[in-house]
Amino acid sequence: MNIEATVSTAMAELALGEIFSFDDLVGALQRRRQRPIRIVELTNLSDQDGICALWLMTDTEDLVVHARSESALHRQQFVLHELAHMMLEHDEREEATTPDFLLPDIPESARQRLLRRQGLVTDDEIVAESLADHLAGAIRGSALHHSRYLEIFG
């Protein structure tokens with residue numbers, strides 16, 4: 001897998017340009033996936049617990065749950081990583097089913113992703129983290145662009 005090419009393609013398909021806000025990103029993904037995205041912080045989950053964030057799909061929405069962190073940038077990276085999985089369509093893969101008796105209250109697609117996350121050095125995780133880094137850079141560029149505008153034009 002060529003990570004750089006995959007990331008470049010995903011960024012180009014987003015069609016937001018070189019810099020954009022977090023809200024622009026979420027809006028573009030909602031339009032592309034034709035469903036709302038809800039982002040929720042789990043206050044009882046800490047980034048020290050091992051799972052920083054998880055993308056769950058329901059019949060009506062995409063849900064990103066993330067751990068609490070003192071750093072806003074750290075929290076944003078958790079969420080961007082999950083949004084990157086959405087952009088890369090990691091939910092579209094056909095895989096063997098996971099027996100319901102293991103995690104009966106969690107949807108099949110979420111069970112598969114949870115169990116895959118046991119190995120964090122997979123191609124999917126590496127490319128999602130790389131894409132999340134690119135997304136973060138574009139969002140930082142947007143914030144810098146807006147702040148320069150305010151400095152110059154008040």
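This briefing describes a helix pair and a strand hairpin. The model is predicted, so local features need pLDDT of at least 70 and side-chain atom pairs count only at pLDDT 80 or more, while totals for chains, interfaces and linings use all residues. Residues are numbered from 1 along each chain as its sequence is written, and side-chain values use heavy atoms, with hydrogens and water left out.

**Helix 2 and helix 3**

- The axes of helix 2 (residues 22–33) and helix 3 (residues 72–87) come within 11 Å and cross at roughly 25°; axes are lines fitted to C-alpha atoms over the stretch in contact, with angles from 0 to 180 degrees between N-to-C directions.
- The two helices are therefore roughly parallel to each other, a term for angles under 35 degrees.
- Contact (heavy atoms within 4.5 Å) involves Phe-22, Leu-25, Val-26, Leu-29, Arg-32 and Arg-33 of helix 2, which meet Gln-76, Val-79, Leu-80, Leu-83, Met-86 and Met-87 of helix 3.
- By class, this contact has 9 nonpolar, 1 polar and 2 charged residues; Ala, Val, Leu, Ile, Met, Phe, Trp, Tyr, Cys and Pro count as nonpolar, Asp, Glu, Lys and Arg as charged, and the others as polar.

- Strand 2 (residues 53–57) is largely enclosed by the rest of the structure, because 5 of its 5 residues are buried (under 20% relative accessible area, 1.4 Å probe, protein chains only).
- Ala-53, Trp-55 and Met-57 point one way from strand 2, and Leu-54 and Leu-56 point the other way.
- In a regular strand the side chains alternate between the two faces of the sheet.
- Strand 2 pairs with strand 3 (residues 62–68) in the antiparallel sense over 5 bridges; pairing requires at least two DSSP bridges.
- A hairpin of 4 residues joins strand 2 to strand 3, and Leu-56 has Leu-63 in strand 3 as its bridge partner.

Notes. Parallel < 35°, antiparallel > 145°, perpendicular 65-115°, else oblique. Buried < 20%, exposed > 50% of the residue type's maximum accessible area, 1.4 Å probe, protein only.
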